[in-house]
Amino acid sequence: MRKKNFLMRTGMAILAITAAFLQPLQVKATSTSEGGYTYNYDYWGDYVNSADFYNSCKVFTSSELGLDLKLKNPQGLFAEGNTLYLCDSGNNRIIELNRVSPEQLEVVRIIDKINGGSGSKELNNPTDVAVSEDGNIFIADNGNARVVKVDKDLNFIMEFVKPTDNTLDPKLVFQPTKLAVDTAERVYCIATGINKGLIKYENDGTFSGFVGATPVTFNWTDYIWKKLASQEQRAKMESFVPTEYENIFMDYEGFIYATKARTLEQAQADENAVRKLNLMGNDILVSNGDWSVGGDLYLGSGGGYEGPSILTDITVMDNDVYVCLDRNRGRLFGYDDQGKMVFAFGGNGNMDGYFRRPSAIEHIGHELYVVDSLDCSITVLVPTQFGDLVYQAVEEFDKGNYETSGAAWQEVLNQNGNYDLAYIGIGRSLLRQEKYEEAMKYFELKYDAENYSKAYKQYRKIWVEEHIGWIVAVILLLFLVPLSIGKVKSIRHEIDTADIFVVEKKG
Amino acid sequence: MIANTKPIDNPKDRYIDSLKYALYCITHPLDGFWDLTHEKRGTMAAANTILFLTLLIRVLKLRYTSFIFITVYWEGINIFLYLASILFPLALWVVGNWGLTTLFDGKGKLGQVYMATCYALTPYPLIQFPLMIFSNFVTVEEAEFYSVVSALSLVWAALLVIAAMGQIHEYSAGKNILFTVATLFAMLVMIFILMIFFSMISQGVAYFISLAKELMFRM
């Protein structure tokens, strides 16, 4: 009976397999899942589909904003409270917007000229803007070769010009592109053609040096070739210089997040594309993730795009989640304070939530505002329920509410069982609740050796303390039993060969 | 232990004795490998057992070593290829070594080269098995212990293989090292020839297949 059943089953299986092969190939093509909108990478670097983290809420173009003159090549965006400053670079103006809700942005004023000052009154190709805590506005006035500081009524205060530094080429035209301002109104700025790091100005306008140059990397074969090459050959070779930064962002703690474009080799070597600079200009970015902080792992060409992600802008939320904008493939990548990828989504295209040439990103609360310089639009992205849950879990953990955080991660897991961060999140909250054995299980599932070891160390300590009696007993047994057996044997041997007995036997 | 040189008649006892002899070999390589063939202390059965244990431990390690040290992408594992990663180099080594040394006064036969090489693998299962269990009781901070001991087992086995070859073939130390290097080259040459062979064969087969296809289209 059983055998017959088995035969039937194999027969059915063979039929099913042949049927599957006979089906048209198109069915097969659709079943190989080529990505959804939102995704993530697992421990192996495999692409994992994810529940949507952000949805595009509304796309604002010139007509939605009610502008007479259409936006042209917008480059920069800055958010302060509920106010957004959009650099309409092509029209030499900055548009101040008030965010009423994610679905409603209102034009407050248009800044195209400043009052007073010795130089040009009109802005020329402003590429970035920042507002200090005191309300002063700093504008990277690219076309006028200066960074200009004005008060909130646009009265000229001071300007920051080309640094007086002997190492700079005197012919170089100063073109500040991106800037950040700290609480003391010191200015950090990136300029085209200056790769010595960020240009730092004190709050009195004096240039005080370059900070945080990217370390120079070169490979040994290039180095050896260079040693062997003649003077003329050497001049034609690429020189080993630090790469320029793409963009900077000053976070709420005063650390500067800077992004740089990676070469293909750097991306393949899994180097970070983001640096977090402290006051000394040292990189203190935590990169505990399975992969580097640098966007996509797959660098092959597809849909006309190839090479590593080019992170053109970055924004850091108050929960230390930072979002990078890739202008190569039009994607957004979120990372948490441990450098683990929280989400990745987007793409190139014309639909809402896709981009053609994204240039800047900002956040208000958890909402993201992305400027597209080709579409001339601002896309507003709001977190989905899933995204809100993840943020809730992250924030509760930071506050020290480990149980609430664990519950939120559990809810995240219910919505998306493939979300690795949730396993590690639950593990971390269990670890803080001193439930080490359960925490170990969650860490092991997602190959988090570092956290696993933390939990295991405690677990092992407790286990040893609880079983110390047994451990001592086993060790004693292991040593004493062979020892005493040997002793007994030797005593017996001595008795057997003792002289008195031998003598007695003789007698 | 070595004092016992009387021939053992019972095959089972002889097997057990020759297996135990592996422990003597790995601690006294020069003396041990000399007697392995010259005093017939080793048996093929024991050599096969050691090889089998090596393969077994290598596979068990995948599953039972802590994920701190080895993470396995199970979808990418082909168990036969994985076993071949030991068997194939071993076969190349044995054949290459025998082929070279037999031309240069080597006294070892093919079977003896195989037996001695297998005996020299003993440290691998001997160390890796306890290490595999041990790995589940350490944290990343103590990971160094694991990697050092693990490397030790490999280095030990490698040194034993070299020592064994010298004793089997009755070579001096210098000649032994020379032929170790020469054997490595021989292995490379064999791989090269095998690759040419297989690509030629596949091209040849492809030719006849395309010929047959062409015929079928025309008919």
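Why is strand E10 (residues 146-150) of chain A largely enclosed by the rest of the structure? In this predicted model, 5 of the 5 residues of E10(A) are buried, so the strand is largely enclosed.

**View 1. Strand E10(A) is covered on both faces.** Arg146(A), Val148(A) and Val150(A) lie on one side. Val147(A) and Lys149(A) lie on the other. Every one of these residues is buried, the charged side chains of Arg146(A) and Lys149(A) belonging to buried positions too.

**View 2. Strand E9 (residues 137-141) of chain A pairs with E10(A).** The two strands run antiparallel and share 5 bridges. Phe138(A) has Lys149(A) as its bridge partner in E10(A). Lys149(A) is also one of the buried residues of E10(A).

View 3. Phe156(A) of E11(A) stands opposite Val150(A). Val150(A) is buried. E10(A) and E11(A) form a hairpin with 5 residues between the strands. Leu154(A) takes a positive phi near 70 degrees there.

**View 4. Chain A is divided into three domains: domain 1 (6-49 + 393-466), domain 2 (59-289) and domain 3 (469-507).** The C-alpha centres of domain 2 and domain 3 of chain A are 85 Å apart.

**View 5. Chain A meets chain B.** Here 9 residues of chain A are in contact with 7 residues of chain B. On the side of chain A that touches chain B, helix H11 (residues 449-466) of chain A gives the most, with 6 residues. That side of chain A comprises 5 nonpolar, 1 polar and 3 charged residues.

**View 6. Helix H6 (residues 123-134) of chain B packs against helix H7 (residues 143-169) of chain B.** Their axes are 9 Å apart, at an angle of about 170 degrees. H6(B) and H7(B) are therefore roughly antiparallel. H6(B) contributes Pro123(B), Tyr124(B), Ile127(B), Gln128(B) and Leu131(B) to the contact. From H7(B) come Tyr146(B), Val149(B), Ser150(B), Leu152(B), Ser153(B), Trp156(B), Ala157(B) and Leu160(B). By class, this contact holds 10 nonpolar and 3 polar residues, with no charged ones.

Definitions and conventions: Residues numbered from 1 in each chain as written. Chains lettered and ligands numbered in written order. Predicted model: local features only at pLDDT ≥ 70, side-chain atom pairs only at ≥ 80, totals over all residues. Buried ≥ 20, exposed ≤ 12 C-beta atoms within 10 Å, placed from the backbone. Helix = DSSP H or I, 4+ residues; strand = E, 2+ residues; numbered from the N terminus. Pairing = 2+ DSSP bridges. Contact = placed C-beta atoms within 7 Å. Nonpolar A, V, L, I, M, F, W, Y, C, P; charged D, E, K, R; others polar. Domains from an automatic or database assignment. Axes fitted to C-alpha atoms, helices over the stretch in contact; angles between N-to-C directions. Parallel < 35°, antiparallel > 145°, perpendicular 65-115°, else oblique.
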